[in-house]
Amino acid sequence: MTTATSAIRARSRRLNWRRAGAWALVVLAVAVSILPFYWVLRTSLSSNSALASNASNLLPADFNLGAYKRVFGLQTAQEAMAEGGSGAKIDFWIYLRNTVIFSAVTTAGAVFFSSMAAYAFSRLRWRGRNAVFGLFLATMMVPPIFTALPNFLLIKNLGLLNTMLGMVLPYLFMTPFAIFFLRQFFLNMSREVEEAAMLDGAKHLRIFFQIVLPNAAAPIATLALLTFIGQWNEYFWPLLVGNQDNVRVLTVGLGVFKSQSPQGAPDWSGLMAATLVSALPVLLLFVAFGKRIVNSIGFSGIK
Amino acid sequence: MNKKATGKKAVGALAAAAAAVLALSACGSGGGASGGSGEEAKGEISYWLWDANQLPAYQQCADDFHTANPDITVKITQRGWDDYWSTLTNGFVAGTAPDVFTDHLAKYPEFAKTGQLLALDDAVANDHVDVTQYNKGLADLWVGEDGKRYGLPKDWDTISLFYNKKLTADAGVSDDQMKALSWNPQDGGTYEKAIAHLTVDKNGKRGDEPGFDKTKVAVYGIGLNNSGSGQGQTEWSYLTGTTGWTHTDKNPWGTHFNYDDPKFQESIAWFASLSEKGYMPKLETTVGASMADTFAAGKSVINAHGSWMIGQYTGYKGVDVGIAPTPTGPDGKRASMFNGLADSVWAGTKKPATAVKFAEYLGSAACQDVVASKAVVFPAIKSSSDKAEAAFKAKGVDVTPFTQQVKEDTTFLFPIADKAAKVDGIMKPAMDAVVSGKQPASSLSQANDQVNSLFNK
């Protein structure tokens with residue numbers, strides 16, 4: 001009896017230790033992953049000229065909102081320089097507009113066309129289907145840097161440099177990953193529903209729009225979100241093609257803002273403020289759709 | 001020049017053009033315009049620069065220019081140094097390069113050679129631009145190997161020592177001592193003594209005291225930017241320049257480099273030894289860090305840096321910064337690399353007359369006085385230079401350590417040579433290896449052979 005209770009107690013104590021250890025680990029992991037974001041916030045609330053001499057202080061150095069004013073263009077170059085910023089400006093609203101257009105159009109296009117392709121690869125039977133699909137998958141192995149130059153020259157010869165169309169085109173139609181992702185899902189759809197629809201006289205277009213797409217809403221939403229975030233963060237292609245202010249996206253704008261005179265230190269607080277503000281929309285998107293994504297992944301897992 | 005690349009034979013053309021982009025040369029729409037005879041100066045042109053700190057000054061120049069020439073508008077784009085050159089060469093190929101842009105001595109020889117720059121000789125002659133108004137030597141730097149002028153000087157820079165006044169005072173090193181340092185490659189002279197004394201380890205022991213722990217340094221006597229590659233502009237050229245050593249056989253357009261000279265290797269060996277002794281940060285710890293920020297954080301006491309950094313160094317809150325001239329060397333004199341930027345006109349510009357007119361305005365006293373008044377850099381024109389010095393003084397910064405090199409004629413010109421990118425490709429890793437202590441300075445002889453073989457072909 002006593003031995004049994006002491007064994008239980010021992011086990012529960014051991015469990016408690018284990019649990020405490022696990023909690024400590026979780027807390028540590030959370031702290032480690034949150035700290036960089038806190039540091040971004042802290043830097044953005046500091047005065048740039050006071051940052052370097054207060055490197056080890058956890059609180060903002062010389063607290064002020066000047067960096068945010070700089071980002072939204074509410075500060076003159078003179079004021080900015082007085083706070084240790086530079087004469088560089090970020091046309092935040094224009095870059096934001098460009099990023100939203102760039103991400104939204106490419107996401108809409110890529111998801112729509114990829115789902116059509118995925119439909120063809122999963123629900124239609126045609127000769128050489130698997131071979132073509134294999135070829136498609138193989139293109140996933142080609143690093144994007146290899147296609148950057150030919151793409152660039154193509155866009156240049158089409159006269160589309162520094163246009164939104166030129167920036168959007170390479171992403172607009174499809175990506176192998178999206179097709180692969182959706183095909184796996186479409187493959188698992190029951191044939192009976194489709195056959196029933198066919199008996200009712202529905203053609204492929206109708207089946208695709210009225211049966212397959214609605215049924216795949218969750219994975220499509222997941223894919224759209226993933227694509228959108230990827231596009232939001234895209235840097236290299238927009239840098240190559242979208243040089244002018246009117247098509248420059250946020251990532252490129254921030255990159256330009258970061259590096260100024262050679263060997264000079266960047267306007268860290270302005271950069272961090274801009275980074276934070278430009279990450280916000282994606283964060284909000286996650287808050288709004290996060291649950292849906294988890295559900296859809298869970299759903300597709302069960303299937 | 002090579003319009004074939006954009007022809008119709010798709011595959012071949014793509015490959016050819018791709019190679020052209022990679023080589024950052026050869027192709028593009030250059031060579032078309034020549035002086036803009038008969039064309040009227042009007043319309044909108046674009047101007048690029050990389051230094052954000054100078055943007056307000058140049059914006060004002062553009063506005064003033066527009067007021068004087070209502071038919072012309074100038075659109076200024078600032079882009080950071082890191083992307084500047086790739087976007088520019090990309091623009092040459094794509095036909096989207098700016099009409100006028102800030103150009104660098106290390107870059108323009110290749111641009112000129114591939115026909116991307118408009119020669120300004122006719123304009124200079126027709127519009128009577130006085131090239132003697134610039135500080136000595138600056139205008140000549142922009143005359144290419146072919147004898148044509150490819151830029152009008154906008155500013156110049158020299159090197160000095162920025163130092164943390166509080167930390168030097170703590171160590172008992174006076175401002176006068178800082179201004180009178182001397183150096184030699186054997187024992188480092190009073191310069192090394194000062195650096196050693198200013199270095200403090202975590203136990204508070206100074207670099208020249210017994211028991212100094214070089215593995216646990218809290219404050220370095222001198223900061224390190226990087227290894228300096230083949231030029232060492234802010235890193236070591238102010239030292240090697242006092243030994244009688246020169247980068248190339250002649251400057252500009254040298255075709256033989258002297259990295260195998262014992263005088264040079266001796267100096268570099270001394271420079272690398274500072275890290276070894278714990279007086280200077282290890283090279284690997286400087287990657288991705290700003291030397292100026294490290295300085296402001298109190299981690300280094302002396303930083304040798306260029307005059308374009310004055311605003312940065314004096315802008316830190318709570319850091320009292322002194323500026324001292326570079327130390328005198330074995331020849332008894334100081335030395336500083338003298339570098340100058342200029343504005344160049346792109347050969348592919350659709351409005352050459354307008355572009356040239358604006359470039360001339362940027363090179364004129366009217367614009368350079370505006371730049372001077374902002375106290376960010378030293379304009380190329382002598383009278384404007386003096387105004388900048390006064391403007392700095394009004395801001396409470398004594399910049400004589402920078403200007404005295406010019407006045408005392410102790411400057412030497414930035415080494416201008418063809419194939420700069422390739423030379424850099426060889427010298428950067430070679431210098432990195434030496435400064436990080438992985439290779440002896442004698443290994444530079446081999447790198448020198450490689451560099452020189454570039455010019456034998």
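**Note on chains A and B**

1. Ser227(B) counts as buried because its relative accessibility is 0%. Buried means under 20% relative accessible area, exposed over 50%, and partly exposed in between, with a 1.4 Å probe and protein chains only. Ser227(B) sits in the loop between strand E7 (217–222) and helix H9 (237–240) of chain B. Helices (H or I, at least four residues) and strands (E, at least two) are DSSP runs, numbered from the N terminus.

2. A word on the basis. This is a predicted model: local features need pLDDT of at least 70, side-chain atom pairs count only at pLDDT 80 or more, and totals for chains, interfaces and linings use all residues. Residues are numbered from 1 along each chain as its sequence is written, chains are lettered from A and ligands numbered from 1 in the order in which they are written, and side-chain values use heavy atoms, leaving out hydrogens and water.

3. What is Ser227(B) in contact with, leaving aside neighbours within four places in sequence? The list is Glu235(B), Trp236(B), Leu283(B), Lys428(B), Met431(B), Asp432(B) and Val435(B). Contact means heavy atoms within 4.5 Å.

4. Helix H8 (residues 189–198) of chain B is mostly covered, with seven of its 10 residues buried. Those are Gly189(B), Tyr191(B), Glu192(B), Ala194(B), Ile195(B), Ala196(B) and Leu198(B).

5. Now the cores. A nonpolar core is a set of buried Ala, Val, Leu, Ile, Met, Phe, Trp, Tyr and Cys residues joined through side-chain atoms within 4.5 Å. The largest has 86 residues; Tyr47(B), Val74(B), Val100(B), Phe101(B), Tyr108(B) and Phe358(B) touch the most other members. Not counting residues up to four places away in sequence, Val100(B) touches residues including Ile45(B), Trp48(B), Val345(B) and Leu362(B). A second, separate core of 53 residues includes Leu198(B) and Ile268(B).

6. Next, the interface. Chain B gives 39 residues to the contact and chain A gives 35. Together they bury about 3200 Å², 55% of it on carbon and sulfur atoms. Buried area is the accessible area (1.4 Å probe) that two parts lose on being put together, summed over both.

7. Which side chains meet in a salt bridge? Lys317(B) and Asp62(A) do, at 2.3 Å, N to O.

8. On the side of chain B that touches chain A, the elements giving two or more residues include helix H1 (10–22), strand E2 (72–78) and helix H3 (81–94). H3(B) provides the largest share, seven residues.

Definitions and conventions. A salt bridge is a side-chain nitrogen of Lys or Arg within 4 Å of a carboxyl oxygen of Asp or Glu.
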